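Please keep the 3D view open as you read.

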Amino acid sequence: MLRQIVVFALAVILVACAKEAEKPVEIPATQQTVQTAVASAPDTTEAEAEEEEVDSAMLRRGQWQEIHFALLEHAYPKAYAADEIGPGNIHIVPRGRDTLILATMNWNNDVQERAHSDNGYIDLVAASLRKGKFRVLDKVKKIPNGEFGEPRSFDDYMQASTINMYDAQMLPGSGFTRLGKDVWAWMLNDTRGAHGFDASYITVYAFLDGKIQKLGEYLAADQSNGASAKDWHYLSSCVVPMDDRSPTVSDLAIIWVHNDNDRDSTRVVTVHPYIPGKGYDFSNHPFANCKNASWKQ
């Protein structure tokens, strides 16, 4: 009898041990959190990175939109009410003490099917933003630019870097451009023409000494390959400041590419000095005679 009791007790103990072994091992909360965080770290990091990128882009867009509305409110209160000023291109330059704002404001009169010879128009605006206060510094009104009554699009700070011989509208160097350590400029590409006869003039305006100043213009591209052209040619160029970190206004270098009726092609580099009080000297144009006669600026 005693032997049966001992055997029964041992059986109970063995069953209890087996059930205990089947129970899951509990992990302290802190250790479990660490393990979970390590396991999911790549996904969490990627999600956070995407959120930060989206938020930054939204903030930048919000800043541009806020500045655009401020420009309309301070520089064009009546025109904005009449919806005569189209969207502008804005370039923001932090300067430590304030933020410099350069803008092109497009005139858009919603006129359809206008002729090639009808100008579009833009305004240039320089403004500052300091401690939440917006102030217009200078403005140049209604500069002829473009055709069909619409102004040309405007690029931000020298987007293109390669010369395309066959597209006079996309000239590297045009757009917002730095001409010195604290000198910023608009390089306006006005391309006009029709039927294979297109010419582009770049006009340089800079915000200098507290006002917007015109520093010169030159024939930057020319195409005369229309159906009526017996002898045709392509001329294109790329403008580059010699030293955009200079304390004064930089001289300009222009790279020229010319194709003469597939008989010959050539590349030339010219330097154009800045003359204080006068602007740039563009008189040494290497292809001054390459002008089509289908239209006049």
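Predicted model: local features only at pLDDT ≥ 70, side-chain atom pairs only at ≥ 80, totals over all residues.

Residues are numbered from 1 along each chain as its sequence is written, and side-chain values use heavy atoms, with hydrogens and water left out.

**The whole chain.** The protein chain holds three helices and 13 strands; these are DSSP runs numbered from the N terminus (helices H or I, at least four residues; strands E, at least two). Of its 297 residues, 41% are buried, where buried means under 20% relative accessible area, exposed over 50%, and partly exposed in between (1.4 Å probe, protein chains only).

**The core.** The largest nonpolar core has 27 residues, and Leu179, Val204, Tyr218 and Tyr280 touch the most other members. Such a core is a set of buried Ala, Val, Leu, Ile, Met, Phe, Trp, Tyr and Cys residues joined through side-chain atoms within 4.5 Å. Strands S6, S7, S8, S9 and S10 each give two or more residues to this core, and S7 gives the most, with six. Beyond its neighbours within four places in sequence, Val204 is in contact (heavy atoms within 4.5 Å) with residues including Leu179, Trp186 and Tyr280.

**Around S10.** Seven of the nine residues of S10 are buried, so this strand is largely enclosed by the rest of the structure. Its two pairings are set out here; strands pair if DSSP finds at least two bridges between them.

In the hairpin of S10 and S11, three residues lie between the strands, and Asn261 takes a positive phi near 55°.

**A surface patch.** Val240, Ile255 and Val269 form a nonpolar patch on the surface, with about 220 Å² of accessible area together. Patch members have over 30% relative accessible area and no salt bridge, with nonpolar side chains (Val, Leu, Ile, Met, Phe, Trp, Tyr) joined within 5 Å and like charges within 9 Å. Areas come from the Shrake-Rupley method with a 1.4 Å probe. Val269, in strand S11, is exposed at 58% relative accessible area.

**The salt bridge.** How many salt bridges does a search of the whole structure find? The search finds one, taking a side-chain nitrogen of Lys or Arg within 4 Å of a carboxyl oxygen of Asp or Glu. Asp98 and Arg95 meet in a salt bridge at 3.0 Å, N to O. Asp98 is buried at 11% relative accessibility, whereas Arg95 is partly exposed at 26%.
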